[in-house]
Structures are given as structure tokens and as C-alpha cells.
Amino acid sequence: MAKSADKSSGNGKKSLKRKAATEEPQEAAVAGDGATESGVQPAKAAAFPPGFSISEIKNKQRRHLMFTRWKQQQRKEKLAAKKRLKKEREALGDKAPPKPIPKTIDNQRVYDETTVDPNDEEVAYDEATDEFASYFNRQTSPKILITTSDRPHGRTVRLCEQLSTVIPNSHVYYRRGLALKKIIPQCISRDFTDLIVINEDRKTPNGLILSHLPNGPTAHFKMSSVRLRKEIKRRGKDPTEHIPEIILNNFTTRLGHSVGRMFASLFPHDPQFVGRQVATFHNQRDYIFFRFHRYIFKSEKKVGIQELGPRFTLKLRSLQKGTFDSKYGEYEWVHKPREMDTSRRKFHL
């Protein structure tokens, strides 16, 4: 009986301790209320964002909530700073300082020694004697053969057909198992000036070979982000047979200059401005974006553009001397990612 009494008294002590522990926060809260009534300020709430890293929060939902609140606060602060600067500039009027140029990867580009100077005599001599000189002198007119890899699928075939409507005087032929080394002599004998081969992988176009005939050079590109005409939203009507204008942007180095001249030699040198069609090869960070537009005159000062399609992105993999030769070809330039892509601000085109 004594032992049972001791146990009961022990349990009673534990329950009293628990009750006291639960009642302490309530007493503290009451004391806090009294402090506010007496004029003493309570402790401030924890500042946001917290002093610790949000990634340390183990609860996924709580961590996501804190991150979204932090992003919202950043947007509010950025918008408030933007409005404040705008008011300051409006108050200063003409005395306002010029807007700072934002830092981007493009304008922070590492200087390349091979950047082309348009007034350089060596560049002018090379242009007058290279493989494309006869085209720019209007001695030859382009004639293009477009073909595919063996057993092409529907998406690749449609891309070739749409390219033939973009590039004037181009013809689509199917490989039928022929090797490129056999196709190239036949192209030269039939007066073709360029050969375009579109490769595919898993029913999707993923590569483009452009070979200038009869003496090269040959460029190999990786192709991505292909969109056919039906896949482009708000596209215009199908292109007409007019010869389009050509726009080449940001081909600044000697290598980029050569690639740009290869693209220019695919189109006749005399564009027909009546058609209002323009083909653009825009180089940005060594990615070449191809777009085909028609521009529309809305008024004397406003001009709108309609994309006609197709569109795709190219990335240069190699530039080879002469026509296509995978075994014994001599390469002018080969992309080596581990050696050449060490800096994000260094570009080659």
C-alpha cells in the first residue's frame, strides 16, 4: 500500500509540473498585455526574409511558401525603386543623367582578335578571291539542291519542301541510299552551286550540312527548335515566288564572316522588294536563328511584320575545306566544348 501511495504521489507531482508548464505561456501573455497597456512597446515581429537560409527549412510546403513570399517582396522593392527613379528623372527633366547601359553577356563579350574591320585591306582581298567571289560579283547565280538523310520521316520531308519555297531556284531530291560522295559529282555536273542535307534523329530534324560547290567549303550545323508553318501561331499566308531580302546580323569574326557569306550565297543577289519578304540569319551567342517574315506598311511611319515560317536554330559544329569528306577532309575549324566553352563571354562567330 505504501508503494502504491508513493506512485500516486509521484504521478500527482508530474501532473502538477505539466499543468504549470502549460499555464506559464498564458501568464506571460497576460503580462505582455499588461505591458502594452502601461505604455511599454512589445518586441517587434521577426523581419522578412528570415536571417537564416530558406533552403534550410525542411518542410517542403513551408519552404515553398517562404520562397514565394521572398520573391514577391523582391518584385515590390524593384518596382518601387523603378518608380522612384522615374519620378526623379521627370523632376530633373533635361538635366537627368543618361540611362545606364544594362550589363548583358553580349555586351560583356571577350574581345576576339579575328574581329573583322570593314576597312581592312586583307579582308577585302580575301573577299575578292574566296569561293563566293563569283556570286558577289554576279558572275554566277545560285542553284540549290536540298536533300535529306536516308529514309526520312514526314517532319523532315515537310521542312525540305518549305525551305524550297523560301530559297529561290532550289530543288528537293531524295537520297534513295546514295552516299554524299556520289551525289556531289552529280550536282557539280548539273551546275548546282550548293548542297543542303538535313539529317534527323528520332523523326526530328537535328542537323544541317551546307556544302558550297564545286570547291567548298562545307559547314556542319546542329539544328534545334524546328517549327514548321502549321506550328507557328498567327503566321501569314504562304510566301510568294518573289526573291527575298537577306539580313545577316552579328557575324563579326573572320569565321562568322565566312559563315555569313555562305548563307548569303544561297539567295539571288537581286531581291524583289515588291514581295516584301525577308530572310534573317541572326547570330547571338554563337546560335544562329533563322526567321522568314513579310513586312506590312501600316502607315508612313509604322511597319508591321508577319512570320511566314519555317523557323529553326543552328549551332556551328565544324567548317571543312573543300566538299564533304568525313574521312580525309581538312577542317578549318572544329567546335571543342571542353576547350572552347570555358568562358560564357567568349564567342567565335
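The dialogue below takes up a helix pair, then the cavities, then a pocket.

Tutor: This is a predicted model, in which local features need pLDDT of at least 70 and side-chain atom pairs count only at pLDDT 80 or more, while totals for chains, interfaces and linings use all residues. Residues are numbered from 1 along each chain as its sequence is written, and side-chain values use heavy atoms, with hydrogens and water left out.

Student: Why is helix 3 called roughly parallel to helix 7?

Tutor: The axes of helix 3 (residues 121-129) and helix 7 (residues 254-264) cross at roughly 30 degrees and come within 12 Å. Angles run from 0 to 180 degrees between N-to-C directions, and those under 35 degrees count as roughly parallel, over 145 as roughly antiparallel, 65 to 115 as roughly perpendicular and the rest as oblique; helix 3 is therefore roughly parallel to helix 7.

Student: Which residues make the contact between these helices?

Tutor: Helix 3 contributes E122, V123, D126 and E127, and helix 7 contributes R254, H257 and R261, where contact means heavy atoms within 4.5 Å. By class, this contact has five charged residues, one polar and one nonpolar.

Student: What is known of the largest cavity and its lining?

Tutor: The volume of the largest cavity is about 120 Å³, and of the 13 residues lining it, I167, I196, L266, F281 and F312 are the closest to its centre. The lining divides into 13 nonpolar, no polar and no charged residues, with Ala, Val, Leu, Ile, Met, Phe, Trp, Tyr, Cys and Pro counted as nonpolar, Asp, Glu, Lys and Arg as charged, and the others, Gly among them, as polar.

Student: How is the lining of the largest pocket made up?

Tutor: The largest pocket, with a volume of about 470 Å³, is lined by 20 residues, of which R254, L255, S258, L319 and E332 lie nearest its centre. By class, that lining has seven nonpolar, five polar and eight charged residues, and helix 7 gives the largest share, six residues.

How values were computed. Helices (H or I, at least four residues) and strands (E, at least two) are DSSP runs, numbered from the N terminus. On a 1 Å grid over the protein atoms alone, a cavity is a set of points where a 1.4 Å probe fits but cannot get out, and a pocket is an open set with protein on both sides within 12 Å along at least five of seven lines; lining residues have an atom within 4 Å of a point. Grid points are joined across faces, edges and corners, and a volume is the space filled by probe spheres set on the points.
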